[in-house]
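Good morning, and thank you for making time for this presentation.

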Amino acid sequence: MDLASKYFNDIDWRYVDHTSGLAPMQSFAFDDTFSESVGKDLSCNVVRTWIHQHTVILGIHDSRLPFLKDGIQYLTDEIGYNAIVRNSGGLGVVLDQGVLNISLIFKGQTETTIDEAFTVMYLLICKMFENEDIEIDTKEIEHSYCPGKFDLSIDGKKFAGISQRRVRGGIAVQIYLCVEGSGSERAEMMRVFYERALKGETTKFIYPDIQPECMASLETLLGREIKVQDVMFQLLHAIKDLGGNLNMDEITNDEWTRYEGYFDKMIDRNEKMTRSMDKK
């Protein structure tokens, strides 16, 4: 059985639309909540869409930058972006109204390799854009922000990055899709952030040497206007075309209770970052 059939053909998927009204830390708490639900067989697979305004989502390694306070001050005071630390892998990424995030949440433990989980998302994205005259590559774009093995690019220009997190038997594979606006302008913002947060200091961890021209939005790469809303429709159509069964089951009382616990953990994580910056 191929991966697309294994994860989508006659498989139930619960669609959760969180494209408005949430704070970024809530999003990561919800993904952990749904991962536990799926892992414990309290829910079918979950596909969640989410959008956040003017926020840079930092990775754990970013929280250890030597001059992080200066980097965040640049984002908040000069650019008007907030910054939080997420609980999944990777480095800093930019979220705004033109960036669509998708989480695929399914059951899996050691039998599901990291690469397999990433590939499920890649196959879905390819299905979403199968009618375009493009080839989507999956390889690390070294000079992008948050570079990784499963960067998605067209003609060498990255438009999406994937991370994943595993919680209590569930796997959340998260992707950001740079749909509208300028991918290179977002990359320039992250280039300056690292410049301010590193100040040329040598660190054990190697942070990305960002070259803005290697990143672009789908709008730029496809050479036509495309909106986040269009991509959301393409997502749902792709799941159906792959044989998936979509529902919109409500969040249960048990899930709300668990969500509160995961949200508290996100708050604690970010308070630790703030305290650490204050000590420097």
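First, the basis of what I report. This is a predicted model, in which local features need pLDDT of at least 70 and side-chain atom pairs count only at pLDDT 80 or more, while totals for chains, interfaces and linings use all residues. Residues are numbered from 1 along each chain as its sequence is written, and side-chain values use heavy atoms, with hydrogens and water left out.

Let me turn to the overall form. The protein has eight helices and eleven strands; these are DSSP runs numbered from the N terminus, with helices being H or I of at least four residues and strands being E of at least two. Its C-alpha atoms fill a box of roughly 55 × 45 × 35 Å along the principal axes.

Of the 280 residues, 55% count as buried. Buried means under 20% relative accessible area, exposed means over 50%, and partly exposed lies in between, with a 1.4 Å probe and protein chains only. Contact means heavy atoms within 4.5 Å. Among contacts between residues at least 6 apart in sequence, 79% join residues at least 24 apart.

Next, the interior. A nonpolar core is a set of buried Ala, Val, Leu, Ile, Met, Phe, Trp, Tyr and Cys residues joined through side-chain atoms within 4.5 Å. Which residues have the most contacts inside the largest core? They are L58, Y145 and F193, in a core of 52 residues. Helix α5, residues 183–198, supplies the largest share of this core, with eight residues. Leaving out residues up to four places away in sequence, L58 touches L68, I72, A83, I84, V85, R86, G92, F193 and M273. Apart from this core lies another, of 44 residues, including I125, M128, A160 and V231.

Helix α5 also holds R186. Is R186 buried or exposed? With a relative accessible area of 8%, R186 is buried. Beyond four places in sequence, the residues that R186 touches include V94, D96, Y145, C178 and E180; Y145 is one of those I named for the largest core.

P212 counts as buried, at 15% relative accessibility. Setting aside neighbours within four places, P212 is in contact with S184, A187, E188 and R191. By contrast, the C-alpha atoms of P212 and E116 are separated by 29 Å, and these two residues are 96 apart along the chain.

Most residues other than glycine have a negative phi. D155, although not a glycine, has a positive phi of about 55 degrees. D155 lies in the loop between β8, residues 152–154, and β9, residues 157–167, and is exposed at 72% relative accessible area. R168 likewise is not a glycine and has a positive phi, of about 50 degrees. R168 is placed in the loop between β9 and β10, the latter being residues 170–178, and is exposed at 55%.
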